[in-house]
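Visitor: I would like to learn how to read the packing of a helical model. Where do we begin?

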Amino acid sequence: MSVQERKQRERADRERLIVATARELAEQQGWDAVTTRRLAERIEYSQPVLYSHFRGKREIIGAVALEGASEMAVAMRAATAVADTPRERVAALAHAYLDFADRNPAVYDALFQLDGGLAYAQEDTPEQLKDAFAALMETLSEVAGDGVGPEAFTEVFWASLHGIATLTRSRRLLPEDAEQRLELLVDRLAVL
């Protein structure tokens, strides 16, 4: 291995460490606790080293969001792959999405609540975000109904899931009604 290759590998390892540490800190204490000073202390590198990877917190949030989008896409595809019928796939998709949001609140915030400097629904949208949307659309296009564009249907279904995730987390919806909400969403919105 050349010196250049070793340095590139070490740089990539440091970047992964920064993102993992930021994510861990955000999940434990919230995004307000994630500062470059605190991250530098936790990873045992100086702040200039951290800034050599990311220009600031915004870019770190973006990196966490991209990692989370990839994980969410994998989770949704895994859940739908074991379902047999369109209804089961849509229900599995909804459960996987909401489970991801519940288990990873800081990542979910990085994806959908915070400014990570990422473009959404544009030509320059990062591939990880496009793939997460594609993971939704793969299942939802089956049940959009005649004359309904799969992209528009996916956006409406996704917005519903996002609303449920956000309102549940902020305790504005009763947790005991969670399953009924999902049943209504799946049965009333999707053409099965």
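Guide: We begin with a helix and its surroundings. The model is predicted. Among the elements that cover the buried residues of α6 are α1, α4, α5, α7 and α8.

Visitor: Which residues of α6 are buried?

Guide: They are Ala106, Val107, Tyr108, Asp109, Ala110 and Leu111. Since six of the eight residues of α6 are buried, the helix is largely enclosed by the rest of the structure.

Visitor: How should I read a nonpolar core, and which residues of the largest one touch the most other members?

Guide: In soluble globular proteins, nonpolar side chains tend to be buried together. Here the largest nonpolar core has 54 residues, and those touching the most other members are Trp31, Met76, Tyr97, Leu111, Leu140, Phe157 and Leu161. At least two residues come from each of α1 (3-29), α2 (36-43), α4 (57-81), α5, α6, α7 (127-140), α8 (150-169) and α9 (178-189). The most is given by α4, with 11 residues.

Visitor: What is Tyr97 in contact with, leaving aside its neighbours within four places in sequence?

Guide: Tyr97 is in contact with Met72, Met76, Tyr108, Phe112, Leu136, Trp158, Leu161 and His162.

Visitor: How do I describe a pair of packed helices?

Guide: Two packed helices are described by the angle between their axes and the distance between the axes. For α5 and α7, the axes come within 9 Å and cross at roughly 155°. That angle makes α5 roughly antiparallel to α7, because angles over 145 degrees count as such. The crossing of α5 past α7 is left-handed. On the α5 side the contact is made by Arg89, Val90, Leu93 and Tyr97, and on the α7 side by Ala135, Leu136, Thr139 and Leu140.

Visitor: Is Arg77 buried or partly exposed?

Guide: Arg77, in helix α4, counts as partly exposed at 27% relative accessibility. Not counting residues up to four places away in sequence, Arg77 touches Asp131, Ala134, Ala135 and Glu138. The side chains of Arg77 and Glu138 are joined by a polar contact of 2.7 Å. Arg77 and Leu136 are 59 residues apart in sequence, yet their C-alpha atoms are 8.4 Å apart in space.

Visitor: Where is Asn104 found, and what does its side chain make a polar contact with?

Guide: Asn104 is in the loop between α5 (86-103) and α6 (105-112). Its relative accessible area is 13%, so Asn104 is buried. The side chain of Asn104 makes a polar contact of 3.5 Å with the side chain of Arg23. Leaving aside neighbours within four places in sequence, Asn104 is in contact with Arg23 and Glu27.

Definitions and conventions: Residues are numbered from 1 along each chain as its sequence is written. This is a predicted model: local features need pLDDT of at least 70, side-chain atom pairs count only at pLDDT 80 or more; totals for chains, interfaces and linings use all residues. Side-chain values use heavy atoms; hydrogens and water are left out. Helices (H or I, at least four residues) and strands (E, at least two) are DSSP runs, numbered from the N terminus. Buried means under 20% relative accessible area, exposed over 50%, partly exposed in between (1.4 Å probe, protein chains only). A polar contact is a pair of N or O atoms within 3.5 Å; within protein, one must be able to donate a hydrogen and the other to accept it, and residues adjacent in sequence count only if both atoms are side-chain atoms. Contact means heavy atoms within 4.5 Å. A nonpolar core is a set of buried Ala, Val, Leu, Ile, Met, Phe, Trp, Tyr and Cys residues joined through side-chain atoms within 4.5 Å. Axes are lines fitted to C-alpha atoms, for helices over the stretch in contact, and angles run from 0 to 180 degrees between N-to-C directions. Angles under 35 degrees count as roughly parallel, over 145 as roughly antiparallel, 65 to 115 as roughly perpendicular and the rest as oblique. A crossing is left-handed if the near helix is turned anticlockwise from the far one by less than a right angle, and right-handed if clockwise.
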